[in-house]
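Biologist: Could you take me through this chain and its strand pairing? I would like to begin with the overall picture and then turn to the details.

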Amino acid sequence: EGLLPGTYTVSYLKTGYAGIKKTIKVANGVPTNIETIFLKRQAGISTSGNMLVSLSGQKRVVEIDATGKIVWSYTNLGSIENSSRINTGDTLITDGSASKVIQVSSTGSLIKSLGSGLVLSAFKYPSWVDSVDGNNVLITDNGANKVFEFTTGKQTWSYSTALLRPRSSVYVKNGNVLIADTGNKRVVEVNKQGQVVWSFDQ
């Protein structure tokens with residue numbers, strides 16, 4: 001994070017997506033945190049091969065095609081930490097300063113917001129969101145030292161044991177959750193019973 005202008009090579013692997021490697025360019029201007037989600041799914045979609053890039057400094061999320069052209073963007077944001085495209089074509093975006101995660105349609109319409117109303121007290125500074133279908137959503141709250149799972153908008157699971165400033169969390173194929181526990185300089189795999197089944201410590 002905190003990337004300066006320049007050219008970077010990024011490799012990305014995610015459940016439900018084909019592994020891919022691409023070169024991306026960060027333009028001159030305000031240094032930006034950049035989270036790259038490759039949209040090439042195993043079940044092909046029209047945007048196959050495009051990239052979804054979170055530009056924190058510009059407070060927007062953009063989709064870039066193979067030629068570098070911006071083909072979609074969303075700008076009504078505060079502090080962007082991460083974005084993820086789900087298989088419905090919608091985009092999930094974490095807005096850390098607003099303590100919420102939003103779901104936006106391909107036309108730019110706000111579909112729903114996790115972190116508004118009664119759910120607001122659950123988030124302090126969400127830093128990462130992961131989902132395949134939009135129904136089961138993992139949200140990493142860096143400020144609360146906690147990972148939440150929401151199913152159809154309702155919290156169904158959480159994990160916080162010994163976490164310190166977790167940066168991200170993703171689903172793995174066996175149903176467990178992989179967490180980047182940044183403050184403790186480790187990666188842990190946790191099952192839904194809250195047990196650590198694997199870890200890698202620096």
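Modeller: What follows covers the chain as a whole and then one of its sheets. Please keep in mind that this is a predicted model.

Biologist: How many helices and strands does the chain have?

Modeller: The secondary structure consists of 18 strands and zero helices.

Biologist: And what percentage of the residues count as buried?

Modeller: The chain has 202 residues, and 46% of them count as buried. Its accessible surface is about 9,900 Å², with 51% of that belonging to carbon and sulfur atoms.

Biologist: What share of the contacts links residues 24 or more positions apart?

Modeller: Among contacts with a separation of 6 or more, such pairs account for 32%.

Biologist: Turning to the sheet, what is the order of its four strands?

Modeller: The order is β7-β8-β9-β10 in an open sheet, and the pairing is antiparallel. At the edges are β7, residues 80-85, and β10, each of which pairs on one side only. On average, neighbouring strands of this sheet are turned by 20 degrees against each other, with direction ignored.

Biologist: What holds paired strands together in general?

Modeller: Strands of a sheet pair through backbone hydrogen bonds, in a parallel or an antiparallel manner.

Biologist: Let us look at β9, then. Is it mostly covered or mostly uncovered?

Modeller: Strand β9 spans residues 100-104 and is mostly covered, with four of its five residues buried.

Biologist: How many bridges join it to β8?

Modeller: Five bridges connect β9 with β8, residues 91-95, and the two strands run antiparallel. Within this pairing, Leu 92 has Gln 103 of β9 as its bridge partner, while Thr 91 stands opposite Val 104.

Biologist: What lies between those two strands?

Modeller: Strands β8 and β9 form a hairpin with four residues between them. In that turn, Ser 99 has a positive phi of about 55 degrees.

Biologist: And how many bridges are there between β9 and β10?

Modeller: There are four bridges, and β9 pairs with β10, residues 110-114, in the antiparallel sense. Here the bridge partner of Val 104 is Leu 110 in β10.

Biologist: Which residue has a positive phi in that hairpin?

Modeller: That residue is Gly 108, whose phi is near 90 degrees. The hairpin of β9 and β10 has five residues between its strands.

Technical notes. Residues are numbered from 1 along each chain as its sequence is written. This is a predicted model: local features need pLDDT of at least 70, side-chain atom pairs count only at pLDDT 80 or more; totals for chains, interfaces and linings use all residues. Side-chain values use heavy atoms; hydrogens and water are left out. Buried means under 20% relative accessible area, exposed over 50%, partly exposed in between (1.4 Å probe, protein chains only). Two strands pair if DSSP finds at least two bridges between them. Axes are lines fitted to C-alpha atoms, for helices over the stretch in contact, and angles run from 0 to 180 degrees between N-to-C directions. Contact means heavy atoms within 4.5 Å. Accessible areas come from the Shrake-Rupley method with a 1.4 Å probe; for residues, only the protein chains shown count as cover.
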